[in-house]
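User: I would like to go through this model one point at a time. Please set out your terms as you use them.

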Amino acid sequence: METQRRHLPFLVIGGHAVNLYGFARETADLDFLACSDDRLSWITLFADLGYDIFSDALNFVQLASDKETAWPVDLMFVRPETFKPMLDASRTVEFYGTTSRIPALEHLIALKLHAIKNTRAHRFLKDFLDVENLIRVNHLDVKSENIRRLFEKYATLELYEKMSAALDPGQ
């Protein structure tokens, strides 16, 4: 794989990672998390593969190719001190015929919560449902202190209360 030859570690995130944790949903792109120190190398790699940048927000880059079979790609860059622990805790999966890595479930939920808090309103429902279903499908206790801390750190307590109500409507 080209990323291995170029020594570019990454994690598969987004809809594909959600799918690999047991909640099936459609996704129309590939989402990768990578170290910000490797940003230029990633952009060069995708340029070499025939991709063009159509949105660049520094830590979030969206790329597309005019090839019919090429998936659109979203690259999310995080600082090395954030990426390394996530990579170390990640798990190996088979992904479209290659061995890849996805974040630990807790880290994937944290990424989704961060997206809910920091992205546009049109994405809210999709990311909220991803978190709800990741918790439900993986039999996590929404009332656990660990889940509450994730919401406090990466989202809000108001969102935690909404999630608790969604997962335990009889409360």
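Analyst: A contact means heavy atoms within 4.5 Å. This is a predicted model, in which local features need pLDDT of at least 70, side-chain atom pairs count only at pLDDT 80 or more, and totals for chains, interfaces and linings use all residues. Residues are numbered from 1 along each chain as its sequence is written, and side-chain values use heavy atoms, with hydrogens and water left out.

User: Among contacts between residues at least 6 apart in sequence, what percentage join residues at least 24 apart?

Analyst: The count covers contacts in the protein chain between residues at least 6 apart in sequence. Of these, the share joining residues at least 24 apart is 55%.

User: What radius of gyration does the protein chain have?

Analyst: The radius is taken over C-alpha atoms, and the globule rule is 2.2 Å times the number of residues to the power 0.38. For 171 residues the rule puts a compact globule near 16 Å, and the protein chain agrees, with a radius of gyration of 16 Å.

User: Is Ser-90 buried or exposed?

Analyst: Buried means under 20% relative accessible area, exposed over 50%, and partly exposed in between (1.4 Å probe, protein chains only). Ser-90 is found in the loop between α4 (80-89) and β6 (91-95); helices (H or I, at least four residues) and strands (E, at least two) are DSSP runs, numbered from the N terminus. Its relative accessible area is 8%, so Ser-90 is buried.

User: Which residue's side chain joins that of Ser-90 in a polar contact of 2.6 Å?

Analyst: A polar contact is a pair of N or O atoms within 3.5 Å; within protein, one must be able to donate a hydrogen and the other to accept it, and residues adjacent in sequence count only if both atoms are side-chain atoms. The side chain of Ser-90 reaches the backbone oxygen of Leu-87 at 2.6 Å. Not counting residues up to four places away in sequence, Ser-90 touches several residues, including Leu-11 and Ile-102. The side-chain partner at 2.6 Å is Arg-101.

User: Where does Tyr-96 lie, and is this residue buried or exposed?

Analyst: Tyr-96 lies in the loop between β6 and β7 (98-102). Its phi is near 50 degrees, a positive value in a residue other than glycine. With a relative accessible area of 58%, Tyr-96 is exposed.

User: What is the relative accessible area of His-139?

Analyst: His-139 is found in the loop between α6 (124-137) and α7 (145-154), and its phi, near 55 degrees, is positive in a residue other than glycine. His-139 counts as exposed because its relative accessible area is 72%.
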